[in-house]
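Here is a friendly briefing to read with the model open beside you.

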Amino acid sequence: MQKQEYVYVGKRVERPDAIGKVTGETQYVADMNQPHQLYAALVRSPHAYADIKSIDYSEAEAMEGVAVVITGEDEHTGIGHYAAEMPTLAYKRVMYWGEPVVAIAAETLEIAKAACEKVRVEYEVKRPVLTLEDSLKGDVVFHDWSKLNTHHELYFEQDTNICQHVKVREGDTDKAFTEADYVIEGEYETSGIQHVCLEGHGAIAKFDRDGLVVWTCAQSPFFMRGQLARAFGLPQNKVRMIIPPIGGGFGNKWELRVEPVVAALAKRTKGRPVKIVFTREDEFMGAYSRGAQKIKIKSGVMKDGTIVAREVYNLQDSGAYVNGAPRLNYLSTYACCGPYKIKNVKIDTLTLITNKLPTSAYRGFGIQEVSWACECHMDDIAKTIGLDVYKFRDQNLWEDGYTTHTGEKLFSVGIRECLQKAAEGLDWEEPYEKTAPDGRLRGRGMCLTCKITGTPSGSAAIAKLNEDGTVDLLKSGTDMGQGNNSVACIFFAEAMQIDIKKINVAPVDTLYTPYEKSATGSRLTFHMGRVLIEAAESIHKQLKKRMGNHWGCPVDDIVIEHGIIKGHDKEGKPTELAINDLGKARVLIEQDPIIGVAAHNTVDIWDKPDRDTGRSSRVSVLWFWTAHAAQILVDPKTGEIEIEKFSAAHDVGQVINEDSVRGQIEGGIVQGMGHALFEELEWNDEGVLMNPNMADFKVPTAKDVGFPMNISLVEVPHPEGPYGAKGIGECCVTGVPGAIGNALFDAAGVRVTKIPMKPDQVYLAMKEQKYGRRCEGEC
Amino acid sequence: MLKPFKLISVCNLEEAVSGAANGLKIFAGGTDILVMMHKGAEYSGLADISRIEELKQITFDEKDGLKIGACVTHSEIISNEFVQKYYPALVDGCSKIGSVQVRNKGTIGGNICNASPAADSAGPLLLYDATVEIIGKDGRREVPAEEFFTGVKRTVLKQDELVVCIKLPRITEREGSAYLKLMKRGAMEIGIMSSGIRVICDENGICRDARVTLSAVAVTPIRVRSAEEALKGGKITDESILQAAEFAYETAQPKTWRNSEEWSKDMVKTYIPRTVDLAVERMKREC
């Protein structure tokens, strides 16, 4: 594809939401109030696994100012994503510490909270299942899959805790292992973490004879609308989702969480709205989390570095119920061998139920975890055989025209350029001092990732041209801070050839804005971009007709170039009108309104994978390609890691807003660094979360992120993408732990196999390497 | 969620004492108390002492040394020229507390009365032989900082008592001190293990006196006298430092779920030599 000159695409464009956010004018759900509103509070389970023997809320209900008290007996409609079973409020049993058991709506939050303390719940406590291994053992089986109401196809295994088992089978790994020069195995782990969005969950629900209205910070308003309509037995046009600006999503706001409980309360208030806002502790106890993974990899490799076979066996934690984890399983399965040519592949990814906080999407959707395993494993192989980590990757890389182990012929593969650029960003070829003057050890590492996006999926956009020549854009991709509204304006302004300042983006409201699958999977730029361009094209078509009538010129003679509509009058004399002057020219007044409408779905290109082999000629509409590289210093006497330099190269297809894409990547590196070094949900033996707060769940502070970041924007255009664009949201975080882990391996020769690589773990690994185990205090 | 609470702003020490005697919780910056109240702690009321002028003073006298009022904030301590000049370990400690916001609100009196074994002002106070002036119904009394702490979140304060000020004697001519805090990230951290060192030498470089403190590895901040002895009596050498580190290591008994205890304990051996190095370097710079 020839590179084009654009007016807005690829430039640095100020975001329309920027000023409001820095001045504090932006109103989030927590800032909003509705007339006659009540406030909700929850009684949460103090146990990870228990039967509910009785609930006595008589005292709470009798309190002045308490309007409604409900329990699972009143509302246990399943609101889980993949399997409906997760109840609005715990029903007959609690499945994780913090599960909501009773909900109370009162005149003030203080009364609601005080009433919660008056509720007496009697439990019969049972031994929770907390590890993936124990869940796999299956001594307790939590769900009867055959009876579950599954909203999506689920590859469960009956009479086990396995809710999803995705397989890939290609070639003959057993045979290939016997023929390989080396067979190398490794086991790698990632911890459970929480998203820690700046804005916690919050919602207001109003339920009256007109239906249900919910104000909420949602990444997928239409999906949620469907779930709520089903849960409350309403037609979809009686459920309205209004989405104010969102303060961070990262997957945590993909699925229903606070919405059903306020809806259930509001249903019993004779029309009074009910509001809930999660505290930080609520977020840790009762939002969603990212599940732990335990990944075994075995590779057959030839002396020359050719990878001939790979087996991956991955256990993933779904938590107590079945939400987005099975989908995460599926996507991570396609990424877990990395962007490498391997002829014989066997993958089994199992998603398991445990008595923990439900897990779901978290920026990267399982790809950071499998990349961590795969890329540590790549360096382990290189070290064993004595290969250069760069060349070993390079020689096995996927490229255009290659058919993958799942049968997909690739195109638009930017991974090699990413690898080159990421290495350049760290002066990879330059020698470096292995030991710093202060005795710390220096090392470098890299991590490549590939990721698909959920396919098929649909998008739509409506562009209304106003009489004064301005435009209102209606689309339902929510802006969570990722800059989607800015990207929307750029696409539309470029395609319509109109001044970007004339464009206004309408707030997302399912009553008015058209369907959008979700703001997830790094998909919006690609999918929304396409429909916005089509909507602009539709407006151009209508404008040609309008001007044809106006000038008396045949439509076919009219062209639109560089923002100018050109034609001729009846006599053939050239006429023209700038699109930016449509209002002034008064050609839109008292005429049929010009509205551009476009819709699109990728169902036509998708080849549903075979259940037994994972084969699909096209599993996704696009692949994201990423290379991360880190240079670190590790203190062998403390285990502390300091990042000296970080280099990130992303194939974004085409940059849309350079400021935004760089901001996304910088933020992603910091977030990924938190996953690599600090963040972990820590549960005790009773299944109680030990660190549900910002003091003990450590996210990076400004003091931790002073290192330079070299960011390379690789542009290998996608032929089906809007102006060739792909997307960026998730892959900014995916390679960070792998790059740091491999840098540590390079620096100190120790392989820490689990993230986060906390200093105590790094130190103990180095101590063990140096002295062997069990020499505490002596060495 | 914070429940409604009563806060009484007291005007003078007499009111504060009678408030404390009547069960009010003494309240200054609130950086610990409000956290505890968020977690459910309930008090009959709070007596806010942060407007009492006497408690807000920080003064230095060539003869008597430094006097820090209980309500002096960590930020004020860090930026005080005398503290910077003579008591650098106190700057080390106070500058590692929480964040800028916490240091702007939190006070030294609050930090020691909260009596966390990890309190970052406490180790340095032990280094400098500080005494704590206390006022109560029976008048004023002074307690050495080392005796002030009696356990995790426990002090010698009786119900009617509060801290008025902390006194740090004038330092000697040839000495160096430092305090290092082990942290898992760059800010907003409760110390995992912190070490304090103060060495006092004669003109021949013989170490005449020493203080060695550890924080967060016992129920209170502690002095390690065996380590002090190891440093005293000769020049400070690699051997004497290692010996001090060894004694300190043996004394440390970290108890935590937050990280490996083996690591916390081993870090004493890493940190004591580093802290000595910094203290000695500072002494050389001064002399």
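Predicted model: local features only at pLDDT ≥ 70, side-chain atom pairs only at ≥ 80, totals over all residues.

The loop between α11 (389–396) and α12 (415–424) of chain A is where you will find S412(A).

- S412(A) has a phi near 55°, which is a positive value in a residue other than glycine.
- Y723(A) also is not a glycine, and its phi is positive at about 55°.
- Is Y723(A) buried or exposed? Y723(A) is buried, because 23 other C-beta atoms lie within 10 Å and the cut-off for burial is 20 or more.
- To find Y723(A), look in the loop between β29 (709–714) and α16 (731–734) of chain A.
- A cis peptide bond leads from T455(A) to P456(A), with omega near 0°. P456(A) sits in the loop that runs between β18 (441–452) and β19 (458–465) of chain A.
- Another cis peptide bond links I755(A) to P756(A), where omega is near 5°. The loop between β30 (754–755) and α18 of chain A holds P756(A).

**Chain A as a whole**

- Chain A has 18 helices and 30 strands.
- The radius of gyration of chain A is 27 Å, close to the 28 Å that the globule rule gives for 779 residues, so chain A is as compact as a globular protein of that length.
- Along the principal axes, the C-alpha atoms of chain A fill a box of roughly 95 × 75 × 50 Å.
- Of the 779 residues in chain A, 59% are buried.
- If you take the contacts in chain A between residues at least 6 apart in sequence, 79% of them join residues at least 24 apart.

**Where chain A meets chain B**

- Chain A brings 19 residues to the contact, and chain B brings 15 residues.
- Which element gives the most to the side of chain A that touches chain B? That is helix α18 (residues 759–771) of chain A, with four residues.
- The side of chain A that touches chain B is made of nine charged, seven nonpolar and three polar residues.

**The five-stranded sheet of chain B**

- Five strands of chain B form an open sheet in the order β4-β5-β10-β6-β7, and the pairing is antiparallel.
- At the edges are β4 (58–61) and β7 (139–144) of chain B, each of which pairs on one side only.
- On average, neighbouring strands of this sheet are turned by 20° against each other, with direction ignored.
- Strand β6 (residues 131–136) and strand β10 (residues 162–168) of chain B run antiparallel and are joined by five bridges. In β10(B), V163(B) is the residue opposite I134(B).
- Helix α1 (residues 13–21) of chain B lies across β6 and β10 of chain B and runs at about 120° to β10(B).

**The four-stranded sheet of chain B**

- The order β11-β12-β13-β14 (chain B) describes an open sheet of four strands with antiparallel pairing.
- Why is one side of β11 (175–182) and of β14 (222–223) of chain B left without a neighbour in the sheet? Both stand at the edges with a single partner strand each, so one side has no neighbour there.
- Eight bridges connect β11(B) with strand β12 (residues 193–201) of chain B in the antiparallel sense. I200(B) in β12(B) is the bridge partner of E175(B).
- Helix α12 (residues 261–286) of chain B lies across β11, β12 and β13 (207–215) of chain B, at about 145° to β11(B).

**A helix pair in chain B**

- Helix α11 (residues 238–251) of chain B and α12(B) have axes that come within 8 Å and cross at roughly 145°.
- The crossing of α11(B) with α12(B) is right-handed.
- From α11(B), the contact is made by I241(B), A244(B), A245(B), A248(B) and Y249(B). From α12(B), the contributors are K265(B), V268(B), K269(B), I272(B), P273(B) and V276(B).
- By class, this contact of α11(B) with α12(B) has nine nonpolar and two charged residues, with no polar ones.

Note on methods
Residues numbered from 1 in each chain as written. Chains lettered and ligands numbered in written order. Pairing = 2+ DSSP bridges. Helix = DSSP H or I, 4+ residues; strand = E, 2+ residues; numbered from the N terminus. Contact = placed C-beta atoms within 7 Å. Axes fitted to C-alpha atoms, helices over the stretch in contact; angles between N-to-C directions. Rg over C-alpha atoms; globule rule 2.2 N^0.38 Å. Buried ≥ 20, exposed ≤ 12 C-beta atoms within 10 Å, placed from the backbone. Nonpolar A, V, L, I, M, F, W, Y, C, P; charged D, E, K, R; others polar. Left-handed = near helix turned anticlockwise from the far one by under 90°.
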